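Here are a few exercises to work through with the model open beside you. Try each task before you read its solution.

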Amino acid sequence: MASVKLTNVKKVYDNNVVAVHDFNLDIKDKEFVVFVGPSGCGKSTTLRMVAGLEEISGGTVEIDGEVVNDLQPKDRNIAMVFQNYALYPHMSVYDNIAFSLRLQKMPEDVIYSKVTNAAEILGITEYLMRKPRALSGGQRQRVAIGRAMVRDSKVFLMDEPLSNLDAKLRNQMRAEIILLRQKLNTTFIYVTHDQTEAMTLGDRIVIMKDGFIQQVGTPAEVFEMPTNLFVAEFIGAPKMNIVKTDLVREGNRYFVTPCGAKIEVTGEKGGLLNEKNVKGGPVLLGVRPEHMKLAFERGENTMSARLEVNEMMGSELHLHVYTKDGARWIVRVPTIDLTQEQRRSLVNGAQVYITFEGKVMHFFDPETEKNLIY
Amino acid sequence: MKNKNQLPALILLVIGLVVTAGGLFLFINRFVPMWSFSHKYMTDNAIFAMLGILGLFLGIVALLLARSLRKQGQEVPSDTLKQHMGLKATARISNTVIYVLLVIISVIWLAPFFCIVVQSFRVNPTGMTRYLFQNPDAALKEGLTIRFGLDNYRRLFAGDFPRWYLNTFIIAVVVAAVQTIIVLCMSYTLSRFRFKLRKPLMQFMLILGMFPGMLTMIILYQVLKDVGLAGANAMPGLILVYVASSGMGYYVSKGFFDTIPKSLDEAARIDGATRAQVLYKIILPLAKPIVIYTVLTAFMGPWGDFVFAKYVTGVTPEAWNVAVGLQQWLSTTTNISENYTMFCAGGVVVAIPVVILFMCLQKYYVEGVTGGAVKG
């Protein structure tokens with residue numbers, strides 16, 4: 001069993017700067033939790049408090065039901081992979097991985113089998129006798145993972161391990177981490193600033209900003225039901241289109257009126273609005289770029305817009321448009337849906353018509369920035 | 001001269017060359033008299049000191065010149081064809097000039113040691129002379145022929161010198177061991193830990209280090225005498241005093257430890273190492289050059305300490321260190337005329353352990369560590 005429980009955890013630095021405010025989280029055994037957020041939001045600090053590398057200013061951290069606030073990192077039965085690998089430069093790869101086992105005074109043959117086993121899983125067997133400086137970035141990261149793996153610890157902590165790799169290698173390592181997770185089957189706490197990593201790797205995502213937790217949920221939950229504006233804009237790439245508009249209530253039906261169009265709120269959301277008896281008024285409307293549609297002629301619920309930038313992404317186009325009221329939208333259009341003529345017409349300054357369906361809208365209060373429904 | 005920036009360097013070079021030429025002339029004049037003038041104030045020691053300073057001066061000048069010439073060599077636009085053809089003429093000239101200067105500097109720096117070694121083998125006359133191999137006045141006077149032999153060394157080891165040597169050796173070894181441990185622990189702590197008094201402590205030690213050690217000499221002697229560690233028991237007293245202030249020498253080591261990433265410490269601590277194990281197994285192997293440096297400086301200190309050692313040991317010859325003992329032989333004119341060459345022999349014997357230590361440990365300086373094992 002390796003559950004981690006953080007209760008009212010707080011971190012205040014010497015100059016009275018509060019890095020983490022009142023962090024509460026229950027991580028179940030064998031769960032893969034990702035802390036994600038922009039730089040400076042407190043995610044690494046929280047991870048380091050769990051690891052024991054930072055003093056905990058307030059609250060408690062429990063690993064397997066035992067309060068570990070005052071325990072040294074080595075007594076907490078954790079393993080950690082660092083952003084900058086932190087391999088011991090004067091030791092070979094074998095000695096790097098064996099270091100912790102030798103400190104535990106294990107017999108050499110046991111160490112040998114453990115290290116070679118881990119090396120085989122990670123595909124670094126041929127590098128065992130090399131020094132870290134003779135390895136590439138991806139290989140070094142695998143050695144760092146191997147060093148953490150052999151400890152058979154209860155909790156696996158990873159502090160932005162893929163940040164220093166190039167994009168292609170990052171995708172490859174991401175898949176390897178997923179496979180590793182299946183093999184190790186232990187509790188993971190993963191810190192990243194990349195929301196793609198968070199969405200693909202995590203069982204649950206913890207989104208943080210300025211030391212506060214914004215939302216905790218599964219990838220599907222934070223994507224489809226963001227509780228506030230920050231989460232809505234942070235998750236999903238390109239980010240959600242946010243536009244100031246009015247929510248109009250006509251009896252049991254709700255409409256939004258962005259830039260001249262009138263679109264009814266349909267589906268589940270319409271029902272929920274009714275349930276919560278949401279009043280009409282100014283709202284921040286959110287629609288994800290992939291839910292936007294491109295039309296080539298005017299319609300009742302289309303908005304007229306001018307194309308500013310056309311990004312060719314391969315299988316789709318990212319169109320940056322702006323409507324008459326100055327609002328900016330990003331629309332993702334699969335290239336396969338367009339004819340050659342239509343594609344050619346999408347030049348800078350072209351007139352386009354954009355719209356979206358009634359069931360894809362998100363509504364946020366303009367002052368509190370909270371989601372009106374969730 | 002294409003660049004105005006070269007002007008200061010060239011002026012300094014010209015001055016340096018003129019002064020050095022003058023010094024060399026005076027030096028050679030000793031052995032091959034080309035010009036006679038009053039030698040009353042120009043003893044061998046004065047010449048050696050002058051040459052030492054000149055050598056230093058010339059070294060600085062050579063550095064400046066090398067830099068400016070190198071810059072000139074690089075200002076020429078590099079053509080790929082010319083690159084394949086080898087160094088450009090300017091770079092070749094600058095290399096030659098630099099090597100010539102370096103050879104001259106080496107000669108100047110090694111000359112005093114050469115003189116001391118030669119004089120240590122001179123059996124007759126035993127006093128301080130102004131010539132090395134041949135007395136220019138030998139033709140005028142009879143019985144002034146120079147003889148070389150090992151007599152000085154024999155006399156050296158027959159007297160009290162071995163005792164002094166042993167004293168100094170023990171002090172140096174103990175001080176080297178203890179001081180290294182203290183300095184390294186101190187530097188590691190100041191580098192890795194953050195505590196409230198850290199900055200005030202470092203500033204305090206920096207300022208305290210600016211006061212000359214001589215200020216405390218009298219009171220230290222009084223305290224040592226009262227405790228019974230002066231005079232005949234001076235050795236433990238000296239060790240205590242040398243070791244006591246060693247924590248203040250943290251600066252260089254701390255700077256070195258600051259360059260080792262903290263994430264290595266953290267990784268080791270998570271792997272199960274205590275702080276002491278982190279220092280011993282991870283940090284020190286990476287800091288081999290600075291450890292060697294600390295050991296060497298700590299070892300070399302006691303060999304040359306004259307003032308404090310003489311003050312504390314007083315008139316008990318068994319407790320003297322080599323510096324005090326050797327100085328005794330030069331304390332009166334009769335002593336100088338009898339013991340000068342023995343003094344030189346003593347100097348050579350004192351230099352031997354330090355030279356051996358340096359030659360053995362030099363390769364550790366060349367190790368390049370850390371390279372690439374940690375990103376950024």
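**Exercise 1: a strand and its surroundings**

Task: work out how enclosed strand S7 (residues 155-159) of chain A is.

Solution. 5 of the 5 residues of this strand are buried, so the rest of the structure largely encloses it. Buried here means that 20 or more other C-beta atoms, placed from the backbone, lie within 10 Å of the residue's own. Strands are DSSP runs of E with at least two residues, and helices are runs of H or I with at least four, numbered from the N terminus.

A quick note on the source: this is a predicted model, where local features need pLDDT of at least 70, side-chain atom pairs count only at pLDDT 80 or more, and totals for chains, interfaces and linings use all residues. Residues are numbered from 1 along each chain as its sequence is written, while chains are lettered from A and ligands numbered from 1 in the order in which they are written.

**Exercise 2: the strand's partners**

Task: which strands does S7(A) pair with?

Solution. Pairing takes at least two DSSP bridges between strands. S6(A) runs parallel to S7(A), with 4 bridges, and A:Ile78 has A:Val155 as its bridge partner. Strand S8 (residues 187-192) of chain A is also parallel to S7(A), joined by 5 bridges; there, A:Val155 stands opposite A:Thr187.

Conventions
A residue is buried if 20 or more other C-beta atoms lie within 10 Å of its own, exposed if 12 or fewer, and partly exposed in between; C-beta atoms are placed from the backbone.
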